[in-house]
Amino acid sequence: MDATSIADRNSDLYRQVPFIAFGIVLNLVPAAVIAALKLPVYVDAIGTILLTLTLGLRAGILTGVASFLLGGITQNPVMPFFCGTQFFIALYVHMVAKRGWFRDLRHIIPSGIGLGLVAAVVSAPVIVAVFGGLTGSGASLIAAFLLATGKSVLQSAVLSGLAAEPLDKSVQCLIVFWLLKGIPKSVLSRFRSGSLQENGLSV
């Protein structure tokens with residue numbers, strides 16, 4: 001890669017910084033409200049999904065990872081341990097969006113369920129290895145109930161994730177879809193790095 005290409009990539013990243021900052025806010029603010037209410041969902045990846053769709057995989061990963069690193073300082077010290085989950089959320093969204101699976105509700109619901117399954121499977125080993133099966137989130141209430149019924153720590157972590165994540169991620173995918181549908185396609189057409197065209201969201 002020559003110097004010009006590197007400079008262009010750095011320039012693109014610089015222009016994306018305000019949007020990534022907005023995505024971080026979209027991740028952290030709803031997550032803080034949900035955590036305070038102890039609801040068995042997370043709502044902590046809206047920004048990651050939105051930035052992946054509009055600006056591409058790199059911006060989505062940066063948004064997810066940066067928000068969880070910052071959230072570890074400002075909200076909950078367990079959040080940085082799930083940066084890997086945010087990475088896989090961005091990767092999954094990028095892959096399915098490139099195939100047009102954010103085009104309509106008929107595709108978005110299965111995409112959200114699939115995203116939830118990915119998040120649950122990726123997060124479960126971290127929950128078990130680092131936190132002994134309980135992180136203090138609303139979903140941990142489900143895990144605690146499963147532990148009380150005799151399930152193993154790993155089973156409880158996986159099953160609680162499978163109970164919470166598909167609904168959680170489906171709702172977040174729908175929120176992002178409705179946000180994008182509310183923006184004129186002529187405006188969204190300026191975002192060429194993501195997958196908006198493949199999903200009929202820009203001209």
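**View 1. Ser67 sits in helix α3****.** The model shown here and in the other views is a predicted one. Is Ser67 buried or exposed? Its relative accessibility is 0%, so Ser67 counts as buried, the limit for that class being under 20%. Which residues touch Ser67, once neighbours within four places in sequence are left aside? They are Ile24, Asn27, Leu28 and Leu62.

**View 2. The chain as a whole is built from eight helices and zero strands****.** Read from the N terminus, the order of elements is α-α-α-α-α-α-α-α. The chain has 203 residues, and 45% of them are buried.

**View 3. Helix α2 packs against helix α3****.** Helix α2 covers residues 46–55, and helix α3 covers residues 57–74. Two packed helices are described by the angle between their axes and the distance between the axes. For α2 and α3 the angle is about 160° and the axes are 7 Å apart. An angle over 145 degrees counts as roughly antiparallel, and therefore α2 and α3 are given that description. Their crossing is right-handed. On the α2 side the contact involves Gly47, Thr48, Leu51, Thr52 and Leu55, which meet Leu57, Ala59, Gly60, Thr63 and Gly64 of α3. Sorted by type, the residues of this contact are four nonpolar, six polar and no charged.

**View 4. Helix α3 also packs against helix α4, which covers residues 83–97****.** The axes of α3 and α4 come within 8 Å and cross at roughly 155°. This pair is therefore roughly antiparallel, and the crossing of α3 and α4 is right-handed. From α3, the contact uses Leu57, Gly60, Ile61, Gly64, Val65, Phe68 and Leu69. From α4, the residues are Cys83, Gln86, Phe87, Ala90, Leu91 and His94. How many residues of the contact of α3 with α4 are nonpolar, polar or charged? There are nine nonpolar, four polar and no charged.

**View 5. Arg58 belongs to helix α3****.** Its relative accessibility is 33%, so Arg58 counts as partly exposed. Leu91 lies 33 residues away from Arg58 along the chain, and the C-alpha atoms of the two are separated by 9.1 Å.

**View 6. Two aromatic pairs are found in the structure****.** A pair of aromatic rings is described by the distance of the centres and the angle of the planes. In the pair of Phe19 and Phe191, the centres are 5.4 Å apart and the angle between the planes is 85°, an edge-to-face arrangement. Phe19 is partly exposed, with a relative accessible area of 38%.

The other pair is formed by Phe87 and Phe88. Their ring centres are 5.3 Å apart and their planes stand at 85°, so this pair is edge-to-face. Phe87 has 33% relative accessibility and counts as partly exposed. Phe88, at 36%, also counts as partly exposed.

Notes: Residues numbered from 1 in each chain as written. Predicted model: local features only at pLDDT ≥ 70, side-chain atom pairs only at ≥ 80, totals over all residues. Heavy atoms only, no water. Phe/Tyr/Trp six-rings, centres within 6.5 Å; stacked < 30°, edge-to-face > 60°. Buried < 20%, exposed > 50% of the residue type's maximum accessible area, 1.4 Å probe, protein only. Helix = DSSP H or I, 4+ residues; strand = E, 2+ residues; numbered from the N terminus. Axes fitted to C-alpha atoms, helices over the stretch in contact; angles between N-to-C directions. Parallel < 35°, antiparallel > 145°, perpendicular 65-115°, else oblique. Left-handed = near helix turned anticlockwise from the far one by under 90°. Contact = heavy atoms within 4.5 Å. Nonpolar A, V, L, I, M, F, W, Y, C, P; charged D, E, K, R; others polar.
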